[in-house]
Amino acid sequence: MKYRVLGKTDFKVSEVSLGTWQVGGRWGEPFNEQNAESIINKAIDAGVNFIDTADVYSDGDSEAAVAKVVKNHTEHVYIATKCGRQIQPHTPEGYTPERLTAYVEESLRNMKRDTIDLIQLHCPPTEIYRRPEIFEAFERLKEQGKILHLGVSVEMVEEALMAMQYPNVTTVQIIYNMFRLKPGEEFFAKAKENNVGIIVRVPLASGLLTGKMSQQTSFGPEDHRNFNRNGEAFDKGETFSGVNFDLGLEAVEELKKLFPGQEPLASWAIRWVLMAEEVSTVIPGASRPEQIISNIQAAELPALSAEQMQGVQEVYDKYIRPSVHASW
């Protein structure tokens with residue numbers, strides 16, 4: 001495992017880490033604590049030292065499972081969690097310093113910890129980035145020793161840029177993959193200038209970039225890839241990175257031609273993310289322990305050639321850019 005510095009936090013984190021949205025099983029399935037612990041243990045044993053969770057992942061069960069496993073390891077593992085998505089309806093009016101403070105304290109109870117390494121605002125409405133009192137609330141939590149650092153998870157590049165006006169924002173979590181190139185074009189250089197760590201989520205575009213999906217692929221009724229394709233439940237860009245499924249399948253077939261050989265497209269998609277030196281860590285999820293190993297091994301692939309990098313750009317420009325680029 002190789003490690004990179006996570007911006008102003010100065011944490012040295014595994015370049016391939018773990019996102020825990022579906023760590024207790026497949027999307028929409030009941031939380032399976034045994035499965036979650038197996039996945040987290042496998043990740044730490046393989047050198048992962050940064051795990052991302054959230055209070056709304058399985059109603060706090062994910063936070064509890066992560067903290068429980070980490071406590072039983074001698075290795076130092078950083079835990080990042082998120083807050084704000086409990087607010088329903090999810091509108092700017094629901095965001096108050098008092099409510100966010102209560103969520104942080106609830107996460108501490110879930111994890112049986114005194115301090116959170118990194119707390120992140122969980123994709124708040126754009127208006128929240130214009131409210132300094134929200135960000136000041138986390139300074140008070142830091143002074144109280146309840147958090148070490150503040151970050152944000154964003155939907156749009158615009159929000160990432162707005163967040164950096166606050167000096168206490170140390171990290172930005174953002175979607176970046178072969179179907180979402182805009183962050184690399186408009187945000188990464190500015191993040192580097194501000195020493196803001198970049199956490200990349202959804203590197204496989206909700207599975208599209210595994211190269212294993214087809215027109216016959218079906219999803220369970222509680223799987224967001226079934227019910228959120230047009231943003232019915234939350235931001236459309238979270239599901240397949242906002243890409244039309246049929247169009248995405250066409251683009252994937254073009255991408256496969258760039259990476260002939262035994263390695264699956266998923267591995268090359270993760271390796272592609274790591275080609276950006278500004279990226280601190282990428283956090284693919286896993287619903288089975290064996291997926292951890294394949295995710296980590298992706299980092300060991302050789303660097304993409306200039307021709308492959310250009311090929312990814314051309315596929316994006318032809319198939320994806322017209323419908324996605326302006327939105328996120």
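User: What makes the lining of the largest cavity nonpolar, polar or charged by class?

Analyst: The lining is V16, S17, L18, V48, P284, I292, N295 and I296, so by class it has six nonpolar, two polar and no charged residues. This is a predicted model, where local features need pLDDT of at least 70, side-chain atom pairs count only at pLDDT 80 or more, and totals for chains, interfaces and linings use all residues. Residues are numbered from 1 along each chain as its sequence is written, and side-chain values use heavy atoms, with hydrogens and water left out.

User: Why is this space called a cavity, and the other one a pocket?

Analyst: On a 1 Å grid over the protein atoms alone, a cavity is a set of points where a 1.4 Å probe fits but cannot get out, whereas a pocket is an open set with protein on both sides within 12 Å along at least five of seven lines; lining residues have an atom within 4 Å of a point. By this rule there is one cavity of 30 Å³ or more. The largest cavity holds about 30 Å³ of space, and the second largest pocket about 220 Å³.

User: Which residues line that second largest pocket?

Analyst: Among them are A64, K68, N110 and R113. By class, this lining has four nonpolar, two polar and four charged residues.

Key
Grid points are joined across faces, edges and corners, and a volume is the space filled by probe spheres set on the points.
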